[in-house]
2 protein chains.
Amino acid sequence: MEKMRSDCPISCSLDIFGDKWSLLIIRDIMLREKVSYSEFLNSEEKIASNILVNRLNALEAEKILIKEVSAKNKSRFIYSLTQKGADLLPVIIEMMDWGAKYNANSPRKELGKKIQKDKTAVIKELSKELKKKIR
Amino acid sequence: MEKMRSDCPISCSLDIFGDKWSLLIIRDIMLREKVSYSEFLNSEEKIASNILVNRLNALEAEKILIKEVSAKNKSRFIYSLTQKGADLLPVIIEMMDWGAKYNANSPRKELGKKIQKDKTAVIKELSKELKKKIR
DNA sequence: AACTTGTACTTGCAAAACGCAAGAACAAAT
DNA sequence: ATTTGTTCTTGCGTTTTGCAAGTACAAGTT
């Protein structure tokens, strides 16, 4: 990190992913099976291409993601979560739960309902799945 | 909210507090007994006064905080969490846990160690405390 | 071989957000 | 009357973001 605002772990976290886009990219990888630049670019929130590049580089520099050439297509890059990135799962799940609770326009779907019933179980289960894909 | 980027609950949450400052203000109220403009202004991260006003207004507009005149000093305002704001506790705790785990400069103190031992218990306990102060 | 498509960026420019320094309004204390 | 405390505003320069367009280059198509 360039400049930390303080030693507070919350502040340190926000220094890394405290913006409107970083966690959406992580969500895409974590919960939506997206792995490439063009897939992120086509997400419903419509991130601008320069910001996407900027965030991917920042997240890679923080070792939250790692970037590798696709085995099948050499002109394609695959972004995967590291353990550090995968450990953001609880943060994502809690934000999802809060967002669903307080936003009328975001009704709970399958995952949202599971979270409502047993958050801990969901985190445990997804965490297990993520472990398989971690790089 | 003015313009939501999508219905995704994570995206909705980020639309509200996806920046470097909002959650620090909430942290100050939640975990540091701070309640007033000048106390927030003097936090170690040194938020600029215009940004502080802007965020307090935004969080109040979202009904995450409420602003009331102090009983003791009429020229002082007291900011308190609503239930909606207090429900951000799990998000804050998870960010704290992640930040402490991955940042060498933010060693765990009392609360951090408690979180490490039994996150659920900490959330339950603090949630109970917060309930007393909710407006 | 020329063309088209897919993938990952880059660039330019305007708009919005941020950071810093200074000051204003006003109640309370001295 | 003056000072202090508290909240908020203003001005101005820097940084970040948003949008549109364009570039580079590998792979597939005709």
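Let me begin with one pair of residues, B:Arg27 and B:Glu45, whose side chains are joined by a polar contact of 2.9 Å. Please keep in mind throughout that what we are looking at is a predicted model.

The pair also qualifies as a salt bridge, with the closest N and O atoms of B:Glu45 and B:Arg27 lying 2.9 Å apart. It links distant parts of the chain, since B:Glu45 sits in the loop between α3 (37-41) and α4 (49-61) of chain B while B:Arg27 belongs to helix α2 of chain B, 18 residues apart. Are these two partners buried or exposed? B:Glu45 counts as buried because its relative accessibility, 6%, is under 20%, and B:Arg27, at 1%, is likewise buried.

What else does B:Arg27 touch, once neighbours within four places in sequence are set aside? Within chain B its contacts are B:Arg32, B:Ser43, B:Glu44, B:Glu45 and B:Ile92, and across in chain A they are A:Cys8, A:Ile10 and A:Ser11.

Turning to the interface itself, 45 residues of chain B are in contact with 45 residues of chain A. Between them the two chains bury about 4,000 Å², and 67% of that area is on carbon and sulfur atoms. There are 2 salt bridges between chain B and chain A, and the count of residue pairs in polar contact, with both residues at pLDDT 80 or more, is 18. Which elements of chain B supply at least two residues each to the side that touches chain A? They are α1 (9-17), α2 (22-32), α5 (83-86) and α6 (89-102), and the largest share, 11 residues, comes from α6(B). Sorted by class, this side of chain B has 23 nonpolar, 9 polar and 13 charged residues.

In chain A, helix α2 gives a related picture. Of the 10 residues of this helix (residues 22-31), 9 are buried, so the helix is largely enclosed by the rest of the structure. Among the buried residues of α2(A) are A:Leu23, A:Leu24, A:Ile25 and A:Ile26, and A:Arg27 and A:Asp28 also belong to that list. Just after α2(A), A:Glu33 takes a positive phi of about 60 degrees.

A:Arg32 counts as partly exposed at 32% relative accessibility, and A:Glu44 is partly exposed at 45%. A further pair crosses between chains, from B:Lys101 in helix α6 of chain B to A:Asp87 in the loop between α5 (83-86) and α6 (89-102) of chain A. The side chains of B:Lys101 and A:Asp87 meet at 2.8 Å, N to O, and B:Lys101 is exposed, with a relative accessible area of 51%.

I will finish with two lysines in loops. A:Lys63 is in the loop between α4 (49-61) and β1 (65-69) of chain A, and at 60% relative accessibility it counts as exposed. Not counting residues up to four places away in sequence, A:Lys63 touches A:Thr82 and A:Lys84, and its C-alpha is 9.0 Å from that of A:Gln83, 20 residues away along the chain. B:Lys72, for its part, is placed in the loop between β1 (65-69) and β2 (77-81) of chain B, where it is exposed with a relative accessible area of 85%.

Conventions:
Residues numbered from 1 in each chain as written. Chains lettered and ligands numbered in written order. Predicted model: local features only at pLDDT ≥ 70, side-chain atom pairs only at ≥ 80, totals over all residues. Heavy atoms only, no water. Helix = DSSP H or I, 4+ residues; strand = E, 2+ residues; numbered from the N terminus. Buried < 20%, exposed > 50% of the residue type's maximum accessible area, 1.4 Å probe, protein only. Contact = heavy atoms within 4.5 Å. Buried area = accessible area lost by both parts, 1.4 Å probe. Salt bridge = Lys/Arg side-chain N within 4 Å of Asp/Glu carboxyl O. Polar contact = N/O pair within 3.5 Å; in protein donor to acceptor, adjacent residues only side chain to side chain. Nonpolar A, V, L, I, M, F, W, Y, C, P; charged D, E, K, R; others polar.
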